[in-house]
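Open your viewer and get ready to select a few residues at a time.

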Amino acid sequence: MSDRLLTNATLATAAEKGAAYGLIEAASLAIEGERIAWLGPMRELPERYRDWPAVDLDGRLVTPGLIDCHTHVVFGGNRAREFELRLQGASYEEIARAGGGIVSTVTATRAASEADLLAAALPRVEALIAEGVTTIEIKSGYGLDRDTELTMLRAARRIGIERPITVKTSFLGAHAVPPEYTGRPDAYLDTVCLPALEAAQAEGLVDAVDGFCEGIAFSPQQISRVFDKAAALGLPVKLHAEQLSNLGGARLAASHKALSADHLEYLDEAGVTAMADSGTVAVLLPGAFYTLRETTLPPLDLLRQYNVPIALATDCNPGSSPLTSLLLAMNMGCTLFKMTPEEALSGVTRNAAKALGLPDTGVLAAGNRADLAIWNVQHPAELAYRIGFNPLHERICGGRA
């Protein structure tokens with residue numbers, strides 16, 4: 001790793017204040033080790049950086065490295081057959097209640113080794129890396145027993161070793177009730193989920209705790225028990241909330257100062273105001289909305305009205321969002337949810353970093369990690385505009401290309 005200077009660049013810093021996109025034209029950016037040392041207009045470049053090895057970017061756009069803040073990228077098997085069933089009229093909820101959905105992936109994941117899970121996940125992660133992603137969140141939740149949950153988290157940690165990407169893990173033991181505990185969700189929490197969380201924390205495998213608050217999963221009261229355990233272990237929380245109905249999950253998440261509440265199609269104003277008060281990020285997941293052919297839109301105008309930070313993610317998973325393109329998620333956020341291209345870029349940079357509790361990435365600023373994406377585009381709006389086209393020129397993660 002060597003110090004270097006990027007020159008003749010257009011910087012979209014994703015800063016909250018200032019010009020649209022935090023744009024700085026005819027700019028330079030100095031990288032010192034793993035950090036951004038300086039950035040600004042080329043004419044203001046300090047003397048100390050002028051003899052550094054320089055790369056002329058010929059006007060290319062530089063953004064923060066992209067952040068996929070909600071994925072289930074480690075799993076066994078696939079659910080292509082369920083895709084067919086949905087096209088024939090079956091609902092996500094009907095498939096889940098018939099033993100498909102999450103539970104079918106649990107069967108395949110339990111049968112896989114850590115090496116199997118790692119090998120299957122790496123191509124999905126590589127697709128994201130190829131689009132400029134420098135940080136990814138990865139959840140457990142397809143084991144639903146102690147050993148497989150831990151195996152999933154170990155595989156997730158290995159991804160951050162095997163590939164140049166920052167991995168943040170979330171324990172999602174409260175994802176579904178496994179078949180052997182049908183009708184006994186509290187017994188599952190007591191005997192499997194909460195002890196597995198303790199074991200994961202003891203092994204250093206978990207960065208945050210997640211849950212699925214929904215009629216087909218866990219009630220707010222049951223999620224509260226999981227969140228209380230997370231607090232006792234000193235772990236932040238996040239929540240799948242208001243995806244299929246409104247159980248008040250977002251308000252529950254906000255009451256626990258959650259990093260994020262995710263999905264949110266059925267979010268109401270009370271939930272929005274609670275999130276605004278707690279600083280909880282709204283993570284929108286257009287891939288699941290698209291795949292499930294949902295019609296109820298997340299309340300974007302309310303989120304804007306109350307200044308709730310809005311992030312976007314792929315929700316990469318085998319059932320409801322088999323999506324491995326964060327650029328396409330940006331386009332979907334604009335086309336399906338009516339976000340602006342600037343909101344979409346903030347949603348996969350600055351606000352995605354907030355959703356993971358990462359204060360030193362997601363924005364181009366002196367002192368932050370040198371996580372950058374360099375693009376062959378003239379304007380930041382092009383990143384959300386194109387469909388199925390990847391204009392990445394170079395990706396830098398922690399100062400390394």
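Two strands pair if DSSP finds at least two bridges between them; helices (H or I, at least four residues) and strands (E, at least two) are DSSP runs, numbered from the N terminus. This is a predicted model, in which local features need pLDDT of at least 70 and side-chain atom pairs count only at pLDDT 80 or more, while totals for chains, interfaces and linings use all residues. Residues are numbered from 1 along each chain as its sequence is written, and side-chain values use heavy atoms, with hydrogens and water left out.

**Stop 1: strand β8**

Select residues 166-174, which form strand β8.

**Stop 2: over the helix**

Show helix α6, residues 185-202, which makes a right-handed β-α-β unit with β8 and β9. Right-handed means that, with the strands pointing away from you, the path from the first strand over the helix to the second runs clockwise.

Within α6, select Ala200. Is Ala200 buried or exposed? Ala200 is buried, with a relative accessible area of 0%. Its contacts (heavy atoms within 4.5 Å), not counting residues up to four places away in sequence, are Leu150, Leu153, Phe171, Leu205 and Val206. Ala200 and Phe171 are 29 residues apart in sequence, yet 7.9 Å apart in space, C-alpha to C-alpha.

**Stop 3: the largest pocket**

Select Pro309, Glu343, Ser346, Arg350 and Asn351. The largest pocket has a volume of about 380 Å³, and of its 19 lining residues these five, Pro309, Glu343, Ser346, Arg350 and Asn351, are the closest to its centre. A pocket is an open set of points on a 1 Å grid over the protein atoms alone, where a 1.4 Å probe fits, with protein on both sides within 12 Å along at least five of seven lines; lining residues have an atom within 4 Å of a point. Grid points are joined across faces, edges and corners, and the volume is the space filled by probe spheres set on them.

Colour helix α13 (341-347), which gives the largest share of this lining, four residues.

Technical notes. Buried < 20%, exposed > 50% of the residue type's maximum accessible area, 1.4 Å probe, protein only.
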